[in-house]
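These are my notebook entries on a single protein chain.

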Amino acid sequence: MKHFQLRSALLRAFLLLAILLAGVAVIPCDATISYEISLAKRSEHLFRVAVTVPDVHGELTLQMPAWNALYEIRDFSSRIQRVEASVESFPLSPEKIDKLTWRVRGEGSITVAYSIYWDSPGPFASQLNEEHAFINPAMVLMYSPDRRTEAVSLKLYDFPKDWHIASPIQFHTLLGPSEPVHQARVDSYDAATDSPIEIGTFKFFRINGVEPPVDVAIHGDGWKQADVENTLRKICKYEIELMGGAPFDHYLFIFHVGKAAQGAGGGMEHANSTAINIASEAQLAGVSAHEFFHLWNVKRIRPASLEPIDYTREQYSRALWFAEGVTSTYGRYAQLRSGLWSKQDFYADLAQQINELESRPAHRWQSAEQSSLDTWLDKYDYYNGPEFSVSYYTKGQVLGNLLDILIRDRTNNERSLDDVMRKMNEDFAKKGKTYRDSRDVQLTAEEVAGGPFEDFFRKYVASAEPLPYESVLAKTGLLLKQQEIVRAEPGFSMERDASGKSAVRSVIPGSSAERAGLLAGDEISNFNGENVPRRPEYWLRNKKPGDTLELRVLRNERPVEITFALGGKSESVFAIAEDPQASPKARAIRDGLLRGKPLAAVAGATTH
C-alpha cells in the first residue's frame with residue numbers, strides 16, 4: 001500500500017510538471033474523483049485500481065456493481081482482492097458491509113486500492129493478459145453511491161510502449177516518472193461505465209465517407225480492412241440517413257475477431273461506441289447493424305423502466321421486445337436496404353425467426369412483455385430451453401415486421417415503422433425524455449397510422465395469442481409456406497450448471513454420438529476447438545448433416561476426445577415466397593418494406 005501511495009504521489013508531481021512544461025491542457029478541476037488503473041500484473045490477470053475521493057467528511061461508502069452489460073446479477077465484487085485504504089500517508093481500515101459494499105471512516109481525501117481479476121473474453125466482460133486489455137469500467141471500478149454524478153479522472157499506466165488506447169473517452173498521454181501515463185476526464189461515473197476501453201496493438205482506421213467520424217479498432221486476425229470498411233460504411237450511412245442524422249460527434253467500433261474473440265460472441269452497445277466479438281468477418285455485418293442502431297433505440301430512445309440505472313439489483317422492463325427485438329428488425333432492414341442482403345436473404349431470415357418461435361412450446365404462453373421481464377433468468381441454462389422461454393429478440397423482431405406491414409397497409413404505404421422510430425426519436429430522445437414501455441410505443445404507432453392498435457398490443461405484445469403471420473404477410477404480397485428439410489442433429493442434449501459448466505444430459509440411442517462413445521454426464525470443455533456455445537441450436541443453424549464435431553470432454557476427471565459426424569433429421573419448416581397473384585397495393589407495400597421509402601420515391605423501380 002505504501003508503495004502504491006508513493007507511486008501515486010510521484011505520478012501527481014510528474015504529471016503537474018509535465019503539464020507546466022509542455023503546455024498540455026489541464027484536466028478540469030471538477031474531475032473530483034480519481035481512478036488510477038495499473039496493468040502491470042498482466043500475467044496474473046489482475047487490474048490494480050486506486051480510487052481517490054476528496055472532501056470526505058466522516059465516512060466514505062464504495063460499491064461494486066452487481067450487474068452491467070448483461071441483464072444478469074453477476075456480482076463483480078467476487079473478483080476483488082486486497083482492499084486497502086488510506087488518507088494521505090495514514091492507513092485506514094476498510095469495513096465490508098455486504099457483498100458489494102465497503103465503508104471507510106475518515107476525513108479529507110481518501111484512497112481505496114484493490115486488485116480485481118479479469119480474464120474473460122467478450123463484450124460483456126473484461127480481460128487483462130499479455131496480448132491486450134479490454135475494460136468495461138463498471139466491472140473494474142468501484143463507485144460512491146452518493147457521488148455518482150461527479151466528474152471523474154481516469155489514469156492508465158504500466159503497459160508495453162507499443163500498446164495504444166482506443167475508447168470513446170479521449171485520453172491524453174503525459175510523461176510519468178518512468179513511463180507515460182494516459183489520463184482522461186469523464187463527466188460522471190455513469191458516463192465512464194458507458195465507455196469501453198481497448199488497450200493493445202490493435203489495427204485502427206477511420207471509415208471514409210461517413211460523417212460524423214466513425215473509427216474502428218480491431219484486435220485479432222482473419223479480416224480485410226477494405227471489406228470491413230465497405231460493410232460498415234453502408235450500415236452507418238443507411239441508419240444515419242434513416243434516423244435523420246447522427247446523435248454523436250464521434251463513434252468507435254471495437255472488434256475482437258477470430259482467435260482473439262476466444263469463442264465469446266456478441267456485441268454490447270454504448271452511448272458512442274460498441275464492443276463486438278465475432279469468430280470471423282462473415283458475422284460482422286449482422287452484429288454491427290444491430291449495435292449501431294442501438295445509438296437511437298435503447299441508448300437514446302429509452303424505456304422509463306431502465307432509468308435511473310441501479311447497479312445493485314434487477315431492473316425489470318416490459319419493453320425489451322421493442323428495445324432489443326425491434327432493434328433486430330432494423331439490423332435486418334439495414335443489411336437489406338443498404339445492399340448487403342438480397343431480398344431472398346431477408347425472406348430466409350424472417351422465416352428462420354418464425355421457425356424459431358414456433359419450435360418453442362413456450363411461445364404458447366410467454367408473451368413478449370413477459371419474456372422481457374424474465375430476462376434476468378437467462379443465466380439459468382434450463383430457462384433457455386424451448387419449454388421455458390422464448391427470446392424477446394426473436395419475438396420482438398417478428399412483431400416489428402408485422403407492425404411495419406400493418407402501418408403501411410393502413411396508410412397505403414405512406415407511413416411505416418420508420419416513422420414510428422423517427423417520431424419516438426423526436427418526442428423522447430431529443431427531448432431527454434423516457435417512454436412508458438409498450439404504452440408509448442402503441443400510442444406513437446397509433447398517431448403515425450391514424451388509427452388504433454389496441455388489439456395488436458393486447459393480443460400479441462401483452463398476451464401470447466398466436467401471431468398472425470399469414471394474414472399480415474399477405475398484405476405485403478408474401479406467402480408463408482411449409483417445406484420439408486433435413487437439419488443437422490448432434491445426437492445428444494446438454495445442460496449448463498450454475499457455474500457455467502456444460503455436461504451431456506442424454507445421448508440419442510443409435511446416433512453417431514453414441515457410436516463414438518459419448519456418455520451422459522461427460523463434461524464438455526471444448527466444442528470444435530472453441531468454447532462451448534451457450535445456445536447450441538444457434539450453432540447448428542450453420543451446420544449440415546455429415547459435418548464433423550470434435551468434442552473434448554472430462555470423464556472421471558480424465559480428458560477424452562470424441563469425434564463424430566453430425567446426424568440429420570427431417571423437419572417441416574416455414575419458408576417465405578412472393579405471391580405472384582399479389583394485388584398492386586400488396587406489391588407496393590412489399591416494395592416499400594424492402595426499400596424503406598414511400599411508394600412515390602420508388603415508383604417504377606424494381607427491387608434487387
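The entries below follow the order in which I looked things up.

**Entry 1. Basis**

I note at the outset that this is a predicted model.

As general background, nonpolar side chains in soluble globular proteins tend to be buried together.

I looked up the neighbours of W321 in more detail. Leaving aside residues up to four places away in sequence, W321 touches V326, A368, E369, S372, Y392, G396, L399, S438, V441, F457 and V461.

**Entry 2. Helix α4**

Next I examined helix α4, residues 284-293. Is this helix mostly covered or mostly open? It is mostly covered, with eight of its 10 residues buried. I list the buried residues as L284, A285, S288, A289, H290, E291, F292 and F293.

**Entry 3. Aromatic pairs around F292**

I counted 35 aromatic pairs in the model. One of them joins Y251 and F292, with 5.0 Å from centre to centre and 85° between the planes, and it is edge-to-face. This pair links distant parts of the chain: Y251 belongs to strand β16 (residues 251-257) and F292 to helix α4, and the two are 41 residues apart. Y251 and F292 are both buried.

F292 also pairs with W296. Why is the pair of F292 and W296 described as edge-to-face? The planes of the two rings stand at 80°, with the centres 5.9 Å apart, so the pair is edge-to-face; the cut-off for that class is an angle over 60 degrees. I checked the burial of each partner as well. F292 has a relative accessible area of 0% and is therefore buried. W296, at 1% relative accessibility, also counts as buried.

Ring pairs join F248, Y251, F253, F255, F292, F293, W296, Y330, Y333, F346 and Y347 into a cluster.

**Entry 4. Arginines over rings**

I looked for charges placed over ring faces. Elsewhere, R79 lies over the face of W118, at 3.6 Å from the ring centre.

**Entry 5. A four-stranded sheet**

I then traced an open sheet of four strands. In what order do its strands run? The order is β7-β8-β13-β10, with antiparallel pairing. The edge strands, β7 (127-128) and β10 (164-166), each pair on one side only.

Strand β8 (residues 132-135) pairs with β13 (residues 197-200) over four bridges, in the antiparallel sense. Among the partners I looked up, A133 is bridged to I199 of β13, and F134 to E198 of β13. On its other pairing, β13 is joined to β10 by three bridges, again antiparallel. There, H164 has G200 of β13 as its bridge partner.

I also checked which way the residues of β13 point. I197 and I199 point one way, E198 and G200 the other way, and all of them are buried.

**Entry 6. Backbone details**

I found a cis peptide bond from E211 to P212, with omega near -5°. P212 lies in the loop between β14 (203-206) and β15 (214-220). Another cis bond runs from E307 to P308, with omega near -10°, and P308 is in the loop between α4 and α5.

R82 has a phi of about 50° and is found in strand β3 (residues 80-87). D158 has a phi of about 65° and lies in the loop between β9 (151-157) and β10. D158 is buried, because its relative accessible area is 10%, and the cut-off for buried is under 20%.

How values were computed: Residues numbered from 1 in each chain as written. Predicted model: local features only at pLDDT ≥ 70, side-chain atom pairs only at ≥ 80, totals over all residues. Heavy atoms only, no water. Buried < 20%, exposed > 50% of the residue type's maximum accessible area, 1.4 Å probe, protein only. Contact = heavy atoms within 4.5 Å. Phe/Tyr/Trp six-rings, centres within 6.5 Å; stacked < 30°, edge-to-face > 60°. Lys NZ or Arg CZ within 6 Å of the ring centre and 35° of its normal. Pairing = 2+ DSSP bridges.
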